[in-house]
Amino acid sequence: MVLEVNPNGAKLWRCKLRIGGKPRWIALGRYHDGMGVAAAYAALREVKASAAAGVDVIAERQRSKAALANTMAAMTAAWLDATGDGRAERTNRQIQDTLERLVLPSLGKLPIAAITPSDALVVFKRIAKRGAVHTARRALLHCVQIADFAETLGLLPGKNPFRPLRKLMPAERVKHFPAIVEPKRFGQLLVAIDRYPGN
């Protein structure tokens with residue numbers, strides 16, 4: 001194990017292991033992030049144990065980094081970019097604004113594969129509790145579509161975490177607007193419109 005000092009002053013703990021019969025250098029952590037000698041040796045023991053068990057430590061780290069890159073925020077941006085041509089620009093802006101205001105502050109930094117239905121339920125229940133049931137249901141629909149998009153790309157190996165929530169959301173209250181339904185009163189309305197002098 002060595003402490004590598006880069007020209008910019010950054011210090012990085014590294015070790016050399018044989019993986020797949022080849023010697024490979026592996027980063028253990030940054031000295032500047034508070035990783036002292038004891039923590040570096042603990043990380044070294046962990047990496048050696050994984051390598052002894054036949055785990056390709058480098059490939060595993062690359063997969064972990066890829067999963068972290070596929071956050072809910074990143075997948076939302078990719079989905080909007082991929083599907084935006086099929087919607088009006090104004091609709092795209094509304095969808096993006098809704099998700100950025102209501103969903104991404106809580107779920108945006110999480111890898112989409114790590115989001116659980118219970119994580120997501122908290123977010124949508126909070127929106128609905130404010131009286132915005134329609135908005136909560138629309139945002140949930142978009143999140144279902146985003147997760148389906150991620151699944152299509154092979155970035156969501158498990159089940160769509162948003163799909164089960166549709167049955168748990170409160171129903172929207174239907175609000176009927178006033179209307180003239182009696183034929184006589186409707187006829188009077190038409191006559192009044194016809195006689196109206198304005199435009």
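Where does Pro161 lie? A few notes on this predicted model, starting with that residue.

1. **Pro161.** Pro161 sits in the loop that links H7 to helix H8 (183-195). Is Pro161 buried or exposed? Pro161 is buried, because its relative accessible area is 3%, and the cut-off for buried is under 20%. Setting aside neighbours within four places in sequence, Pro161 touches Ile115, Thr116, Pro117, Ala147 and Leu156. One of these, Ala147, is itself among the buried residues of H7. There is also Ala113: 48 residues from Pro161 in sequence, but with the C-alpha atoms 8.5 Å apart in space.

2. **H7 itself.** Helix H7 takes in residues 133-152. Its 20 residues should span 28 Å at 1.5 Å a residue, and the C-alpha atoms at its ends are 29 Å apart, so the length agrees with expectation. Just past the end of H7, Gly154 has a positive phi of about 80 degrees.

3. **What is buried in H7.** Which residues of H7 are buried? They are Val133, Ala136, Ala139, Leu140, His142, Cys143, Val144, Ile146, Ala147, Phe149 and Ala150. The cover over these buried residues includes H3, H4 and helix H6 (117-129). When you look at the spacing in that list, keep in mind that an α-helix has 3.6 residues a turn, so residues three or four places apart point the same way.

4. **H3 against H7.** How do H3 and H7 cross? Their axes come within 9 Å, at a crossing angle of roughly 90 degrees. That makes the two helices roughly perpendicular, because the angle falls in the 65 to 115 range. From H3, the contact draws on Met72, Met75, Thr76, Ala78, Trp79 and Ala82; from H7, on His142, Cys143, Gln145, Ile146, Phe149 and Ala150. Sorted by class, this contact of H3 with H7 has nine nonpolar residues, three polar and no charged ones.

5. **H4 against H7.** The axes of H4 and H7 come within 10 Å and cross at roughly 100 degrees, so this pair is roughly perpendicular. Ile95, Thr98, Leu99 and Leu102 of H4 meet Thr135, Ala139, His142, Cys143 and Ile146 of H7. The class count for H4 with H7 is six nonpolar, three polar and no charged residues. His142, Cys143 and Ile146 in H7 meet H4 here, and these residues of H7 also meet H3.

6. **H3 against H4.** Which way do these two run? The axes of helix H3 (residues 72-83) and helix H4 (residues 89-102) come within 11 Å and cross at roughly 175 degrees. H3 is therefore roughly antiparallel to H4. Thr76, Trp79 and Leu80 on the H3 side meet Asn92, Ile95, Gln96 and Leu99 on the H4 side.

7. Now for the strands. There is an open sheet of three strands, ordered E1-E2-E3, with antiparallel pairing. Strand E1 (2-5) and E3 are the edges, each pairing on one side only. On average, neighbouring strands are turned by 40 degrees against each other, direction ignored.

8. How many bridges join E2 to strand E3 (residues 22-30)? Eight, with the strands running antiparallel. Lys16 has Trp25 in E3 as its bridge partner, and Leu17 has Arg24. E2 and E3 form a hairpin with two residues between them, and Gly20 in the turn has a positive phi of about 65 degrees. For a look at the faces: in a regular strand the side chains alternate between the two faces of the sheet.

9. **H1 and Arg18.** Helix H1 (residues 37-52) lies across E2 and E3, at about 20 degrees to E2. Arg18 is in strand E2 (residues 11-19). Is Arg18 buried or exposed? Arg18 is exposed, because its relative accessible area is 61% and the cut-off for exposed is over 50%. Arg18 and Ala51 are 33 residues apart in sequence, with 8.2 Å between their C-alpha atoms.

How values were computed
Residues are numbered from 1 along each chain as its sequence is written. This is a predicted model: local features need pLDDT of at least 70, side-chain atom pairs count only at pLDDT 80 or more; totals for chains, interfaces and linings use all residues. Side-chain values use heavy atoms; hydrogens and water are left out. Axes are lines fitted to C-alpha atoms, for helices over the stretch in contact, and angles run from 0 to 180 degrees between N-to-C directions. Helices (H or I, at least four residues) and strands (E, at least two) are DSSP runs, numbered from the N terminus. Angles under 35 degrees count as roughly parallel, over 145 as roughly antiparallel, 65 to 115 as roughly perpendicular and the rest as oblique. Contact means heavy atoms within 4.5 Å. The expected span of a helix is 1.5 Å times one less than its number of residues. Buried means under 20% relative accessible area, exposed over 50%, partly exposed in between (1.4 Å probe, protein chains only). Two strands pair if DSSP finds at least two bridges between them. Ala, Val, Leu, Ile, Met, Phe, Trp, Tyr, Cys and Pro count as nonpolar, Asp, Glu, Lys and Arg as charged, and the others, Gly among them, as polar.
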